Amino acid sequence: MATNQFIGSSEGPDPGLETVDLADHEGENPRNNKIELTQSAGYDGLGYCFPTWRKWQILCVMFCIQISINLNASLYANGVAAISKEHNVSEQVARIPQLTFLCAYAFGCELWAPWSEELGRWPTQQLSLFLVNIWQLPCALAPNFATYIVVRLLGGLSTAGGSVTLGVIADMWEPDDQEYAVAFLVLSSVGGSVVGAIVGGFVEDRHPLAWIFWVQLLAGGCVQIMHFFLVPETRATILLDRIAKKRRKDGPGKVNIWGPHEIHGYSLSPRDIWRVWKRPFVMLLTEPIVMWLSLLSGFSDSLIFTFLQGFQPVFKQYGFGTIQISLAFIPLIIGYFLAYLSFLPSIHMFRQRRRKHGSESVSPEARLWWLLYVIPCLPIGLFGFAWTTLGPKFVPWIAPMIFTLVIGIANYSIYQSSIDYTIAAYGEYAASATGGNDFARDFLAGIAAMYSTPMFENIGHTFPYAYASTILAVISIFVTTPIYFFYRKGPQIRERSPFAKHMMELNKQRRLSQVGD
C-alpha cells in the first residue's frame, strides 16, 4: 500500500543522485577542487554488496513494518461498534476515522518520499514510526469522538509506508534482481490488513475499546525497536558520504574525496519537493498504463476493506461470533501465500533469460504474463462468493470461504504484477508511477470503509449480500479485462509515453556506452 522507490530516484537523472553514473565527473570539481565519490567507485560499500543473509534479514524487518502499518489501517474496524456506543454516534459515523486514516495515508506516503531520498531511509523510517506510535496514545485515551477523526488523520499523514520500506529494495538489489524481494514484500503489503482483521476479532471480543489502539502501539513499538537495532542505512548517497569521510580520515595523507551530499548539498527546496510530490499524480492522470493499473489495484485492495464490514452480516447468518468472523479471513491469507508461490517459477524463468541474453531480451509486458492466467480469479471469486452467501438453508459456511481464498489469489497477483510491470516499464520514474498506484489503493480503500456496510444491508430484499457482491463482480470484469489489451499493446502505448520513452532512450544510451567501453 504506498509509494515505492524502485530503480533509483523518482527524480530522473539529477547529478549526485543514485541513478546517475558520475564517473565522467570524477576528478577536480571546478567550483571547489573536490573529487566526488561515485557509485561505481564506492560500489563495494553500498547496499548492493551486502551479504545475501544481511539483505534478507533487513527485508524481513521491513516485512514486519509493512504488516504493522497495514494492521493500523484495518484493526480500527473492530472498534467501530464500541466507539459508536461509547460516544453516542451511529456506526456509520464511527467509521469516519478509518476513512480519514486511509485517505491521509494515501497522501502521507507521497509526503515522506523526498525526505527518504535525501536524508536517508533509516532516520525517515524511524521518525515516521515514532510519530505513528505517538498518535496511538490520544486514540487509546480519547475523551470524545472528534479526537479519533483528527488523530487518525495525523496518523495517516505520519505513515511513510512503501516510500521507505520498498525503497530499501532499490538500495540493495539491481533492477534485474529485485523481483524475488518485491514479491516477498508485496506479501506483507496485502497481508497486513488481513492480519489486523484476524487479530482484531480477539481484541474486540476479550478487551475494552482502548486495547484496539494499545495493540497497534505494541506492534508499532516492536517493529520500531527491531528497525533501530537491525536495519542499517541503505540509501546510496548517504553511504557514499560516509565512505568518503572514512577515506579522508584513514588516509594515507590528505585524501581529497567527498560524497555527493558533501558537494551538492541536499535538494530539499520547496521547488524540488513540489516536483517530487506532484509527479505521481501527473502520471496517474496522464499515463494510461498507470491509470489502469492503479484503478485495478485500487479496486482489488478496496475489496479487503469491503470484507472488513461485509463479513459480519454474511457469517452471522451461520451463528458466527466475533472471533469466528475474524478467523473467516484466514482463507485470504492462504490465497495470498498460494499466489506468492505461483509467481516464483515465472520470476525464475524470466530472470534466467535476462542473465543469459541480457535485460532487453525480456520486455516489461512479460511481467504481466502470469497475471493473464490468474486474474480471472477475481470475477470468479466474487461471483462465487456472492451466491454462496445465501445462508445455511442453501449453502454451508465453508463455501464462501473457498471463494474468499480465490479472491485472495487474485488480490496478491494484481498488486504483485502491477508493481513489477511498473518497475520494468518506467525505470527511474517507477517510484512516481507506483506512487500513483498506491495512492489509488489507499484512497479507494478509505472510501470502501464507508460504503461497504450500507451496500451489503440495503441492496435488494431477498438476497442483499448476494446482490452486493454481484455488483462488485460485474465491476471486476470491466477493470480486469484490459490486462489482455495492455499485454499486447503495451510497447506501442509506452512509445507514446514521455516518461517511458525517456527511460528507453536512457537505456539505449547506456547500452551504446557499454559497447564503446
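Between domain 1 and domain 2 there are ten residue pairs in polar contact, both partners being at pLDDT 80 or more, where a polar contact is a pair of N or O atoms within 3.5 Å, of which, within protein, one must be able to donate a hydrogen and the other to accept it, and where residues adjacent in sequence count only if both atoms are side-chain atoms. The model is a predicted one, in which local features need pLDDT of at least 70 and side-chain atom pairs count only at pLDDT 80 or more, while totals for chains, interfaces and linings use all residues. Residues are numbered from 1 along each chain as its sequence is written, and side-chain values use heavy atoms, with hydrogens and water left out.

The side of domain 1 that touches domain 2 draws at least two residues from each of helix H1 (52–75), helix H4 (96–119) and helix H10 (179–206), helices being DSSP runs of H or I with at least four residues and strands runs of E with at least two, numbered from the N terminus. H10 gives the largest share of that side, 20 residues. Sorted by class, this side of domain 1 has 24 nonpolar, eight polar and eight charged residues; here Ala, Val, Leu, Ile, Met, Phe, Trp, Tyr, Cys and Pro count as nonpolar, Asp, Glu, Lys and Arg as charged, and the others, Gly among them, as polar.

The domain assignment, which is automatic or taken from a database, places domain 1 at 46–243 and domain 2 at 276–499. In the contact (heavy atoms within 4.5 Å), domain 1 takes part with 40 residues and domain 2 with 47 residues. About 4200 Å² is buried between the two domains, 69% of it on carbon and sulfur atoms, buried area being the accessible area (1.4 Å probe) that two parts lose on being put together, summed over both. Of the area that domain 1 buries against domain 2, Glu110, Glu179 and Tyr180 supply 18%, more than any other three residues.

The structure holds 15 salt bridges, each defined as a side-chain nitrogen of Lys or Arg within 4 Å of a carboxyl oxygen of Asp or Glu. Across the interface of domain 1 and domain 2 the rule finds five salt bridges. Two pairs from the structure are tabulated here.

| Salt bridge | Closest N and O atoms |
|---|---|
| Asp177 and Arg355 | 3.5 Å |
| Asp171 and Arg121 | 2.7 Å |

Asp171 lies in helix H9 (residues 167–172) and Arg121 in helix H5 (residues 121–134), 50 residues apart, so that this pair links distant parts of the chain.

Two backbone features remain. The peptide bond from Gly251 to Pro252 is cis, with omega near 5°, and Pro252 sits in the loop between helix H12 (236–250) and strand S2 (257–258). Asn88, in the loop between helix H2 (80–87) and helix H3 (91–94), has a phi near 55°, a positive value in a residue other than glycine.
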